[in-house]
Amino acid sequence: MAGADREEVVRPEMKVAEVLRRWPHLLEVLVAASPAFQKLKNPLLRRTMPNLVTVAQAARIGGLEPEELVARLNRALGVEEGPAFPVAEESLVGTPPPSWLSAPVGFRLDVRPTLEAGGEPFQAIMAAAKEVAPGKRLVLEVLFEPVPLYRVLAKQGFLAWCEKVGERHYRAHFYRQGAGEGGKGEKGPAAPLTEADWEDFQAEVFIEENLEPPLPMMRVLEALAALKPGEKLLVHHVRRPIHLLARLEEEGHAYALKDLGPGRVELLIRKGG
């Protein structure tokens, strides 16, 4: 039913824990959807991992498209045609390597054996992160892209990037920023853009609704690379590009956003230098 109440359907941004708390019978639907969810049968693990992971993130962990898993869960609730919820761009796999990737490794941790055994490596990862000094990297070897960790470690001053090494083998890099770091090197924050800056720009990029990540970010970064410092790029986007904004801040580019309504966002970027 297309008019289903927003509170009576599963949404991609919901935590798995919330879904299982409200609809316990959906546990079997999750387990049937992917072997990766077998661990949810363990009551102990149900008290940890689901509290950190959204349905969209769980879908990627299980090798599914977020829309596919959301639809499957909603069908089990009797909702055959729920409303379309946008899924934020979360994956970093395939995005351009960041400049800090050459920083020395402060700690390397392989949690694949723990995951293979059905264990929960979160505490071990948090302990490893504490051992990483500013200016160094935490490198994790994992079975899937650890999307939930991006936000968790960002609160501790880490930037993230991830690469797919092989089948069920991902290598995630987390760089701990130093004091005063966060733009580019020792430079201060870029001067903010003003309303007058929107009146002229040197290049323009259009992002279509059906363009799969990481192509939107790559298209913008390629267009930005062709500009000279101080020149501006206008991006017509379909959503707020969270990971792109983090990348712009990391590299010292100034930007401003305008939300023009559903599926319409304009982003003005002034190239730093």
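The β3-β4 hairpin has two residues between its strands, and R168 takes a positive phi near 55° there. Keep in mind that this is a predicted model. Strands β3 (residues 158-166) and β4 (residues 169-176) run antiparallel and are joined by eight bridges. Across that pairing, W161 has H173 in β4 as its bridge partner.

**Aromatic pairs**

- You'll find two aromatic pairs in the structure.
- W100 and Y175 make a stacked one, with 5.5 Å centre to centre and 15° between the planes.
- W100 sits in the loop between α6 (66-76) and β1 (105-110) while Y175 belongs to strand β4, so this pair ties together parts 75 residues apart in sequence.
- Both W100 and Y175 are buried.
- Y150 and F174 give a tilted pair, at 6.2 Å centre to centre and with 50° between the planes.
- That pair links distant parts of the chain, 24 residues apart: Y150 is in helix α9 (residues 147-154) and F174 in strand β4.
- Y150 has a relative accessible area of 7%, which is under 20%, so it counts as buried.
- F174 is buried too, with a relative accessible area of 0%.

**Nonpolar cores**

- The largest nonpolar core has 47 residues, and L69, L138, L140 and F174 have the most contacts inside it.
- Helix α2 (residues 26-33) supplies the largest share of this core, namely six residues.
- Another core lies apart from it and has 16 residues, including M217, L245, L248 and L267.
- Leaving aside residues up to four places away in sequence, L138 touches F107, I125, A128, A129, V132, L153, F158, A172, H173 and F174.

**The four-stranded sheet**

- Four strands build an open sheet with mixed pairing, in the order β5-β6-β8-β7.
- The edges are β5 (203-206) and β7 (254-261); each has a single partner strand, so one side of each has no neighbour in the sheet.
- On average, neighbouring strands here are turned by 15° against each other, direction ignored.
- Strand β6 (residues 232-237) pairs with strand β8 (residues 264-270) in the antiparallel sense, over six bridges.
- Within that pairing, L233 stands opposite I269 in β8.
- Helix α10 (residues 215-225) packs on the sheet and touches β5, β6 and β8; its direction makes about 160° with that of β6.

**A lysine over a ring**

- K258 lies over the face of W198, at 4.4 Å from the ring centre.

Terms used:
Residues are numbered from 1 along each chain as its sequence is written. This is a predicted model: local features need pLDDT of at least 70, side-chain atom pairs count only at pLDDT 80 or more; totals for chains, interfaces and linings use all residues. Side-chain values use heavy atoms; hydrogens and water are left out. A nonpolar core is a set of buried Ala, Val, Leu, Ile, Met, Phe, Trp, Tyr and Cys residues joined through side-chain atoms within 4.5 Å. Buried means under 20% relative accessible area, exposed over 50%, partly exposed in between (1.4 Å probe, protein chains only). Contact means heavy atoms within 4.5 Å. Two strands pair if DSSP finds at least two bridges between them. Axes are lines fitted to C-alpha atoms, for helices over the stretch in contact, and angles run from 0 to 180 degrees between N-to-C directions. Rings of Phe, Tyr and Trp (its six-membered ring) pair if their centres lie within 6.5 Å; planes under 30 degrees apart count as stacked, over 60 as edge-to-face and the rest as tilted. A charge sits over a ring if NZ of Lys or CZ of Arg is within 6 Å of the ring centre and within 35 degrees of the ring normal.
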